[in-house]
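Please read this briefing alongside the sequence and the 3D view, taking one topic at a time.

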Amino acid sequence: MIAPSSIPGAGSSERPRVLLADDHLATLTLTANALAGEYLVVGSVGDGRELLAEAERLHPDVIGEPNPLVRQANNHQTNKAMKPIRSMLAALVISVASLTTTHAQTPTPPAIPHGAGFSFAVYGDSRPMMYLPPNAGQPDLVKLFVEMFGLVLPEKVAEEVVAKDVKMIFDPVTKELIKIIMPFMTKTEVMTLTVDKGWVTDASVEDMKLLPGVHRTMFRLQGGAWVANEIVKDVQTGRARFVVNSGDIVWWGNQGRTIEDSPYWKRFNDTMLKQLPPPDAEMKAAGLDGRWFLSVGNHEVWGDPKIEGVLNAVPYLKKFGVTPENLIYTFDFKDVRFIFLWTGKYDYRSPSKWDGDRPKYAEQMKQLQVWLDEAKAKGIKKAFITFHYPVFCRSGLGPIPAPDNPHKLIAAYAKDLEVVVFNGHNHTTEMYDVDGVKYLMLGGGGAEQNPILPGQTTIKVPADYPPDLYWNGEPPKEDYNYVLVDVKPGEKTKFTLSRCRPWSAEPFATVELFK
């Protein structure tokens, strides 16, 4: 424990100025309240880069990071936990002088023994909701909403809906947009969005017919931030070598198409790409010039048909042949094959139809066979296939319909390869084990989770449809997550899901899948 005399300014009549740092909002709030009597909390931040900037701006006497015990106390929400928080934090405060000796560069993960197995992280549908510039006037915001509704409605109808049904509320002092009330998926559903600094931070839906008066939270910006932060930590510490995403990273390209001019790509770059260390020597030898790989989702081509955003953010995909005309690719790492396909740009009339045209479905299936046959010929025993729309799904937008559902083709290789498929598109989590193929629909990376709502929780499927092994018959709930995949030669692949359920009394958990 640091004695008061060791804290700069502690001997003066003023309280020591404290800057708090933690990626868990509730923990920051609890700790700030606990310290209020003895310290002056001048600010709080959620990541290391922001910490350095705020330390330089605010010049605090001390900087504190609550330890996991504080988080545990916060999770239990007990009065008894409040008393020891001061001592727990005091044991961890550091002086600004020691902070300035710390390098701001991305940590280098520990060396991985050559020839050993490896791990990677996988997640999907990590995009935030629509960004609404805080200083934009109402006409510009109306235009953005018309463009958004125009994705699924004729332009004239979209204009009428926005004029009649979208209500925007502005702060009377700052004049910034703070709340939006608007229609959702059906005539009886109303969505309420809370906005801060242009970003939607919370979204809830009320079904005026099925559940009047009940507002179900379906999106929290902090959920996706938690997922990104945990994945970054796993890569920085060497727990994961690289990251796979099943698509939908950004909202669209109508507000910019590069890291420099798109708020979405900039946010993704700041919270993920810039935080990842450069690839190690073994990865570079395998042709991997980055640590993050995706299958292109429908949101990546909305307003950006030539995928300028993708190629600007992760230009090393060009090395694998990715161009505006070709959105599929493959690579091998440590005798494991990774394949990325393209399911399409989305058609609201059939929202999970495989309508990808770069190349078209038939050509993609031929190429998939070539890549899998090639893997077999090389003696490769494991293949991970990633594409956006789900092969199996019991909720939301549903699975890829026949005849363009690729399950039979993929399953034909299960006798020779351990085949795992990663999907997304539906914003919840489901898992299946069908005909020797493991399927993970990972839609909990951060986007709004509409399958939790009445009417979207389940869809009609045949009586013999494969069971979902994640929810096991329970209705899906708000669940932000990612999976660590552990690959070892000659051993069964291990899947460990880490999740955050903000509504739960036990919000954080780690679960082994396919046990």
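What follows describes a helix pair, a pocket, the cavities and several loop residues.

The model is predicted, and the values below are computed from its atoms.

- Helix α6 covers residues 138-149 and helix α7 covers residues 155-165, and their axes come within 8 Å of each other while crossing at roughly 130 degrees.
- Because of that angle, α6 counts as oblique to α7, and the crossing of the two helices is right-handed.
- On the α6 side the residues that take part in the contact are V142, F145, V146 and F149, and on the α7 side they meet A158, E159, V161 and V162.
- Sorted by class, this contact between α6 and α7 contains 7 nonpolar residues and 1 charged residue, with no polar residues.

**The second largest pocket**

- The second largest pocket has a volume of about 1000 Å³, and of the 40 residues that line this pocket, F149, V152, P183, F184 and M185 are the closest to its centre.
- By class, the lining of the second largest pocket divides into 26 nonpolar, 8 polar and 6 charged residues.

**The cavities**

- A search of the whole structure finds 2 cavities of 30 Å³ or more, and the largest cavity has a volume of about 40 Å³.
- The residues that line the largest cavity are E189, V205, E206, D207, L211, V214, R216, L453 and P454.
- Strands β9 (199-207) and β10 (211-220) each give at least two residues to the lining of the largest cavity.
- The lining of the largest cavity has 5 nonpolar and 4 charged residues, and no polar residues.

**A loop contact at K319**

- K319 is located in the loop that runs between α11 (308-313) and β13 (329-332).
- When residues up to four places away in sequence are not counted, K319 touches G287 and D289.
- K319 and D289 are 30 residues apart along the chain, and their C-alpha atoms are separated by 8.8 Å.

**Backbone features in loops**

- Most residues other than glycine have a negative phi, and most peptide bonds are trans, and the positions below can be read against that background.
- R358 and P359 are joined by a cis peptide bond with an omega of about -5 degrees, and P359 is found in the loop between β14 (336-340) and α12 (361-377).
- Another cis peptide bond joins A402 and P403, where omega is about 5 degrees, and P403 has its place in the loop between β15 (382-386) and α13 (407-411).
- H425 is not a glycine, yet H425 has a positive phi of about 80 degrees, and this residue sits in the loop between β16 (418-423) and β17 (429-434).

How values were computed
Residues are numbered from 1 along each chain as its sequence is written. This is a predicted model: local features need pLDDT of at least 70, side-chain atom pairs count only at pLDDT 80 or more; totals for chains, interfaces and linings use all residues. Side-chain values use heavy atoms; hydrogens and water are left out. Axes are lines fitted to C-alpha atoms, for helices over the stretch in contact, and angles run from 0 to 180 degrees between N-to-C directions. Helices (H or I, at least four residues) and strands (E, at least two) are DSSP runs, numbered from the N terminus. Angles under 35 degrees count as roughly parallel, over 145 as roughly antiparallel, 65 to 115 as roughly perpendicular and the rest as oblique. A crossing is left-handed if the near helix is turned anticlockwise from the far one by less than a right angle, and right-handed if clockwise. Contact means heavy atoms within 4.5 Å. Ala, Val, Leu, Ile, Met, Phe, Trp, Tyr, Cys and Pro count as nonpolar, Asp, Glu, Lys and Arg as charged, and the others, Gly among them, as polar. On a 1 Å grid over the protein atoms alone, a cavity is a set of points where a 1.4 Å probe fits but cannot get out, and a pocket is an open set with protein on both sides within 12 Å along at least five of seven lines; lining residues have an atom within 4 Å of a point. Grid points are joined across faces, edges and corners, and a volume is the space filled by probe spheres set on the points.
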